[in-house]
Amino acid sequence: MFLLLQDVPLELRKHIVSISLDGTSATTIIVDRETGEPIWRPFLYNESCPDALPMVKSIAPPNHTVCSGSSTLCKLVEWWNNAGSNQKSALLLHQADWLLWLLHGKLGVSDYNNALKVGYDPEAESYPPWLVSQPYSHLLPSVLAPGTPIASLKEEIANKFGFQKDCVVCTGTTDSIAAFLAARANQPGQAVTSLGSTLAIKLLSNTRIEDSRFGVYSHRLDDKWLVGGASNTGGAVLRQLFTDDQLEKLSEHIDPSKASLLDYYPLPKAGERFPVADPNLAPRLLPRPEDDVEYLHGILESIARIEAKAYSLLKELGATEAKEVLTAGGGSKNEKWTKIRERVLGLPVSRANQTEAAYGAALLAAKGHQLKY
């Protein structure tokens with residue numbers, strides 16, 4: 001992060017009035033509440049804690065977002081059951097919270113997008129009673145709306161890097177929400193698919209949907225809801241099989257108007273979160289044809305089918321029907337894949353003007369600067 005701050009041209013730094021950032025949802029860090037130092041190894045976003053799931057299911061409402069092995073709450077319970085003596089002085093932070101703390105110095109602040117998977121209720125704007133009554137509830141951070149000013153940039157950082165002394169640091173958000181914000185989608189029925197290492201879907205809906213059986217949850221976005229989930233399929237599995245150069249060259253020879261008859265479920269390893277929540281789902285990448293163009297076509301089409309299944313599921317569960325899909329992330333550059341997805345989804349698909357999640361985080365920072373005044 002500090003190398004990135006250093007990369008900002010010196011001339012621009014003195015004009016920067018606010019900072020925010022996005023981080024992977026459910027990437028969880030347990031720190032010392034006095035020093036902010038991690039007291040346990042971080043739990044990554046896609047890590048599952050199946051041993052903690054029965055305890056979480058016994059306290060949470062049926063099919064709640066936290067009732068998934070990879071939820072932040074499952075990670076907290078897993079740590080709680082194994083931590084021993086460090087429990088009293090501990091504090092839970094998400095990736096974005098911890099990095100922002102390094103900039104503003106106020107420990108224990110999160111945002112309601114990152115806090116969703118630990119059990120925070122963004123509609124009630126509080127942690128629910130079933131969670132507050134647990135012995136580990138003192139670890140939970142305080143929660144603000146994304147893009148809320150927290151404090152000015154720490155003086156030593158402002159001095160070291162040449163930022164304004166009153167540059168404000170704001171609460172962050174998750175990576176897929178930041179990608180959605182970057183795409184500037186603002187009408188119910190507009191959706192953003194982020195094709196990064198995973199496939200994350202966000203659909204702007206008038207209705208809130210939560211169902212852990214399918215890995216579906218809703219993030220609050222002002223007075224509407226961002227409904228969706230994240231599949232473990234995506235760029236990570238493509239990179240296991242092909243180099244970037246191969247992906248580009250092979251894609252040129254694909255005819256996106258023709259359906260591939262190959263039926264795969266491309267995963268980098270066993271385990272899926274959405275549109276099927278199955279920690280044991282095995283990757284299906286065989287049979288592999290001799291022709292690599294044919295193989296890549298089959299994989300891209302299979303990922304598109306998972307995406308189509310996801311949008312269809314959201315509609316079945318009661319979300320506003322998807323009318324248009326904007327694409328963010330590295331996969332948005334592949335025009336052949338875009339055409340395959342348009343055919344499989346039966347919806348207009350286009351690349352968002354801004355495809356970087358960082359742009360969405362910058363929009364949040366701009367919102368924070370306005371709130372400051």
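Biologist: Which side chain meets E125 in a salt bridge?
Modeller: The side chain of R220 does. N to O is 2.7 Å. Keep in mind that this is a predicted model.
Biologist: Where do E125 and R220 lie in the chain?
Modeller: E125 is in the loop between β5 and α6, and R220 is in strand β12. They are 95 residues apart, so the pair links distant parts of the chain.

Biologist: Let's stay with β12. How many of its residues are buried?
Modeller: Five of the five. That is why β12 is largely enclosed by the rest of the structure.
Biologist: Which residues point which way from β12?
Modeller: Y217, H219 and L221 point one way. S218 and R220 point the other way.
Biologist: Which strand pairs with β12, and in what sense?
Modeller: Strand β13, residues 224–231, in the antiparallel sense. There are five bridges between β12 and β13. In one of them, R220 has W225 of β13 as its partner.
Biologist: What do β12 and β13 form?
Modeller: A hairpin, with two residues between the strands. D222 sits in the turn and has a positive phi of about 55°.

Biologist: Back to salt bridges. How many does the structure hold?
Modeller: The structure holds 18. One of them joins R208 and D121, with the closest N and O atoms 3.2 Å apart.
Biologist: Which parts does the pair of R208 and D121 tie together?
Modeller: R208 is in the loop between β11 (199–205) and β12 (217–221). D121 is in the loop between β5 (109–111) and α6 (129–132). So the pair ties together parts that are 87 residues apart in sequence.
Biologist: Do R208 and D121 count as buried, partly exposed or exposed?
Modeller: R208 counts as partly exposed, at 25% relative accessibility. D121 is partly exposed too, at 23%.

Biologist: What about K249? Which residue does K249 form a salt bridge with?
Modeller: With D245. The closest N and O atoms are 3.2 Å apart.
Biologist: Where do K249 and D245 lie?
Modeller: Both are in helix α10, residues 244–252. Four residues separate their positions, about one turn of the helix. Which residues do shared partners join into one network? D121, E123, R208 and E210.

Biologist: New topic: holes. How many cavities of 30 Å³ or more are there?
Modeller: One. About 30 Å³ of space lies in the largest cavity.
Biologist: Which residues line the largest cavity?
Modeller: H64, T65, L116, Y120, D121, P122, R208 and E210. By class, that lining has three nonpolar, two polar and three charged residues.
Biologist: And what volume does the largest pocket have?
Modeller: About 670 Å³. The pocket is lined by 35 residues. S68, G69, S70, E272 and R273 lie nearest its centre.
Biologist: How does the lining of the largest pocket divide by class?
Modeller: Into 13 nonpolar, 14 polar and eight charged residues.

Biologist: Last one, T198. Where does T198 lie?
Modeller: In the loop between β10 (190–195) and β11. T198 counts as buried, at 15% relative accessibility.
Biologist: Which residues does T198 touch?
Modeller: Leaving out residues up to four places away in sequence, T198 touches Y45, S231, N232, T233, G234, G235 and R273.

Terms used. Residues are numbered from 1 along each chain as its sequence is written. This is a predicted model: local features need pLDDT of at least 70, side-chain atom pairs count only at pLDDT 80 or more; totals for chains, interfaces and linings use all residues. Side-chain values use heavy atoms; hydrogens and water are left out. On a 1 Å grid over the protein atoms alone, a cavity is a set of points where a 1.4 Å probe fits but cannot get out, and a pocket is an open set with protein on both sides within 12 Å along at least five of seven lines; lining residues have an atom within 4 Å of a point. Grid points are joined across faces, edges and corners, and a volume is the space filled by probe spheres set on the points. Ala, Val, Leu, Ile, Met, Phe, Trp, Tyr, Cys and Pro count as nonpolar, Asp, Glu, Lys and Arg as charged, and the others, Gly among them, as polar. A salt bridge is a side-chain nitrogen of Lys or Arg within 4 Å of a carboxyl oxygen of Asp or Glu. Buried means under 20% relative accessible area, exposed over 50%, partly exposed in between (1.4 Å probe, protein chains only). Contact means heavy atoms within 4.5 Å. Two strands pair if DSSP finds at least two bridges between them.
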